[in-house]
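Have the structure open while you go through them.

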Amino acid sequence: MMEPVINNISDLRAEIELLRASKHVQEEAIKSHFSTPAAIFHTVTSWFKSSPSTDKSSTGILGGGQDMVSLISRFVLPFVLNKTLFRGSNFIIKAIVGLVSQQASGFINEKSVASVWGNLKSVIPNLMPKKKVKKTPVDYGIPPYSESY
């Protein structure tokens with residue numbers, strides 16, 4: 001960055017105003033990153049995402065161009081399969097399941113999970129039966145010809 005040349009008091013005042021304006025713009029940008037819970041979540045998850053324009057071997061904190069969902073699925077998918085479907089299996093079967101499921105977890109990413117979630121959200125309301133509104137009879141008080149009057 002090039003240092004500004006200040007020759008007199010008016011140059012100094014202009015530089016001070018420029019720095020104050022720059023400070024204000026930066027404060028507003030930081031406030032927008034932490035204004036709502038969704039913005040905070042997006043800010044935190046953006047640290048773990050890779051940039052599509054750079055080399056995939058060194059992007060993001062995770063490296064390898066993986067997002068958070070695919071990283072979690074690499075560990076959770078083999079664990080869940082070995083604890084549920086292959087509970088009584090031997091070591092060799094569990095090792096093969098672990099290798100295959102780690103390779104299959106490469107297909108699980110944020111886009112695929114979001115599309116499945118969107119499909120489920122659109123199907124679930126159609127599965128729920130609609131409640132019929134039951135009309136209650138109007139009560140007019142004591143009926144005529146009753147013994148209470």
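1. Let me start with Asn 82, which sits in helix α3 (helices are DSSP runs of H or I, at least four residues, and strands are runs of E, at least two, numbered from the N terminus). Asn 82 counts as buried because its relative accessibility is 17%; buried means under 20% relative accessible area, exposed over 50%, and partly exposed in between, with a 1.4 Å probe and protein chains only. Leaving aside residues up to four places away in sequence, Asn 82 touches Arg 87, Lys 94 and Val 97, where contact means heavy atoms within 4.5 Å.

2. Before going further, some ground rules. This is a predicted model, with local features needing pLDDT of at least 70 and side-chain atom pairs counting only at pLDDT 80 or more, while totals for chains, interfaces and linings use all residues. Residues are numbered from 1 along each chain as its sequence is written, and side-chain values use heavy atoms, with hydrogens and water left out.

3. On to the packing of α3 (residues 68–83) against α4 (residues 91–104): the angle is about 145° and the axes are 9 Å apart. Axes here are lines fitted to C-alpha atoms, for helices over the stretch in contact, and angles run from 0 to 180 degrees between N-to-C directions. From α3, the contact uses Arg 74, Leu 77, Pro 78, Leu 81 and Asn 82, and from α4 it uses Lys 94, Val 97, Gly 98, Ser 101 and Gln 102.

4. What about the fold overall? The protein chain has five helices and zero strands. Buried residues account for 10% of its 149 residues. Of the contacts between residues at least 6 apart in sequence, 32% join residues at least 24 apart.

5. Phe 34 is worth a look too: you'll find Phe 34 in the loop between α1 and α2. Phe 34 counts as partly exposed because its relative accessibility is 45%. Not counting residues up to four places away in sequence, Phe 34 touches Ile 40 and Thr 43.

6. Finally, confidence. The mean pLDDT of the protein chain is 78, and 83% of its residues reach 70 or more; pLDDT is the predictor's confidence in each residue, from 0 to 100.
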